[in-house]
Amino acid sequence: MINLSEKLGEMTFDGLITDIKPAPEVRGGVIRKLSAAATLKRGTILAKSSGTAGDGKLVVLGSTAKENETLTPDCILCDDIDVGTAADEKVAVYTAGCFDIGKVTVSASYTITESDKDNLRMRGIVFKAAAAAN
């Protein structure tokens, strides 16, 4: 007989997602390989490369664009991922949902602008601070 009450694992609340409306949507994306290997953390805001030099891949918001490349805020990384220097990485990203602005990250030298928030809002990503848990 199957034990339906068996504990399979645990989930810890990290506060990234703050509401069920708009509903979180997860899709696949490709992060461009880096010049130096690094671990990108869950909640990293990613921008999509476009323009005549764009390749349609994702980079961390605040990265420097190449000549004739436009980087537009696009999605949020679902899980931690190690990105190397040899190959692009396939990842799961949130393309919609309600997130805590204090739990997302961007490039170390960059600050999220109102324009960035507007671009993400047009894609279905909104920000709302999480209420304190009791």
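Q: How many bridges pair β4 with strand β5 (residues 58-60), and in what sense do they run?

A: Strands are DSSP runs of E, at least two residues long, numbered from the N terminus, and two of them pair if DSSP finds at least two bridges between them. Here β4 and β5 are antiparallel, with 3 bridges; A47 stands opposite V59 in β5. This is a predicted model in which local features need pLDDT of at least 70 and side-chain atom pairs pLDDT 80 or more, while totals for chains, interfaces and linings use all residues. Residues are numbered from 1 along each chain as its sequence is written, and side-chain values use heavy atoms, without hydrogens and water.

Q: Which strand is joined to β4 (residues 45-50) by 6 bridges?

A: That is β6 (residues 70-77), also antiparallel to β4. In β6, P73 is the bridge partner of A47.

Q: Which residues touch the most other members of the largest nonpolar core?

A: In soluble globular proteins, nonpolar side chains tend to be buried together. A core joins buried (under 20% relative accessible area, 1.4 Å probe, protein chains only) Ala, Val, Leu, Ile, Met, Phe, Trp, Tyr and Cys residues through side-chain atoms within 4.5 Å. In this 13-residue core they are I45, I76, Y94 and F99. β4 and β8 (89-99) each supply at least two of its residues. A separate core of 11 residues includes C75, V83, V91 and V93.

Q: What does F99 contact, leaving aside neighbours within four places in sequence?

A: Contact means heavy atoms within 4.5 Å. The partners of F99 include L16, I76, Y94 and F127.

Definitions and conventions. Helices (H or I, at least four residues) and strands (E, at least two) are DSSP runs, numbered from the N terminus. Buried means under 20% relative accessible area, exposed over 50%, partly exposed in between (1.4 Å probe, protein chains only).
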